[in-house]
Amino acid sequence: MEDWFYEYIRRIRREIEELIAETEERMMRPLVDYERRCLLPLYELRDLGDEILIRVDLPGVEKAEDITVKGGENKIFIEAKMKRATSFEGLVTYARCNYQRYSLEITLPVSVDYKKASAVFRDGILEIRLPKKVKFFKVKVE
Amino acid sequence: MWTLYDYKAPPENFKLLVGVPDVGLVGPIAASFLVRTLDLEMIAQLDSEEMPPLLLFHKARPLLPVRIYGKDDICILISEVAISPKVMPQLAKTVVDWAVKRKVASIIALSGIPVPNRIEIKTPKVYGAAIMDDDRAFLERNGIEILKEGFMSGLHALIMKECFLRKISGIALLVEAYLNYPDPGAAASLVSTLSKLYDLKVDVTPLKEQEEEIRIKLRELMKRTMETIRQTGKEYEYTLPPMYA
């Protein structure tokens, strides 16, 4: 068998293993980052065809001015400050700290046009719409 | 295989409310609020060798994560962990067996219906489903819209199925809720409805005041619950049965 074929199989295997490791890490990772003294919010990412919709649950955040959304490469970074600290004093696993900040980094599945991005914050939920860079074309059906 | 350790028998004709992690965690949020507000005492605990190897400590005392609380004619089953779909059928059987043995009047499952426009809803609506005709009439008399078509999934569906097979009273109260975020606002609607239906005289103001803190502190349980919801056939709730298409 050709060398390129074995290399191709090895690459697929490596990518699958990396994907499994990333998924396991994401599932096991607690929603707190002690080193950066922040909480990780719950979020969902949906592909709406021509745009990516991201919804982030940010309870405790009062206003849009307390939220920063930045994009780069194929990632989006969200930082938000809560109006007051939440105490986890009884919990050793939270290092008995108070936390007053959220931080989230999301890897995007496709390239997006950041210039056309929009975001709305309502009732503690941040909704970000990111139009895809790929332009769709229409095919005439006869 | 589940084992139920009971310490105290409820009175005959009691009502058993069931609040386990599911859509928006509305069941456990409503159940734990009622346990605290009505000052219920623990009357039973449940365990299974197929559950994760966990022991819970609360106020320094050990507890099993799945427990039953009760006082007077109200009992509440609560779970503080997400329940794997693999152990749900046996849990439903064990709970209903116990309830029937103790002469339950009605089992009321508390859960949510995920709605895509939840962010636009100020007061989430509570829908009802019931096994017996009398219960459906009771819900309708109290202004609860009855769900007429569609599938139900999760532990509350299995508990309702056990009630159906044994021909006993089973009611599901399902509130409009976020699927994947803890939803204390929806839980408050559920508690208000329960209070009206069963004359519990419970004020939901403290629950509404704690809304943000509950949403922050239940993120981890919501994340674990989503992993189990994905395996419970929740997608069937969006599927129209062919008989009615």
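The model is predicted, so local features need pLDDT of at least 70 and side-chain atom pairs count only at pLDDT 80 or more, while totals for chains, interfaces and linings use all residues. Residues are numbered from 1 along each chain as its sequence is written, with chains lettered from A and ligands numbered from 1 in the order in which they are written.

Chain A has one helix and nine strands (DSSP runs, H or I of at least four residues for helices and E of at least two for strands, numbered from the N terminus). With a radius of gyration of 20 Å, well over the 14 Å from the globule rule for 142 residues, chain A is more spread out than a compact globule (C-alpha atoms are used, and the rule is 2.2 Å times the number of residues to the power 0.38). Its C-alpha atoms fill a box of roughly 60 × 45 × 25 Å along the principal axes.

Where chains A and B meet, each puts in 12 residues (contact is C-beta atoms, placed from the backbone, within 7 Å). On the chain A side, these are six nonpolar, two polar and four charged (nonpolar: Ala, Val, Leu, Ile, Met, Phe, Trp, Tyr, Cys and Pro; charged: Asp, Glu, Lys and Arg; polar: the others, Gly among them).

Over in chain B, the buried residues of H4(B) pack against strands E2, E8 and E11 and helix H2 of chain B (buried is 20 or more other C-beta atoms, placed from the backbone, within 10 Å of a residue's own; exposed is 12 or fewer, and partly exposed in between). Among them are B:Leu155 and B:Glu162. Just after H4(B), B:Lys167 takes a positive phi of about 55°.

How values were computed: Contact = placed C-beta atoms within 7 Å.
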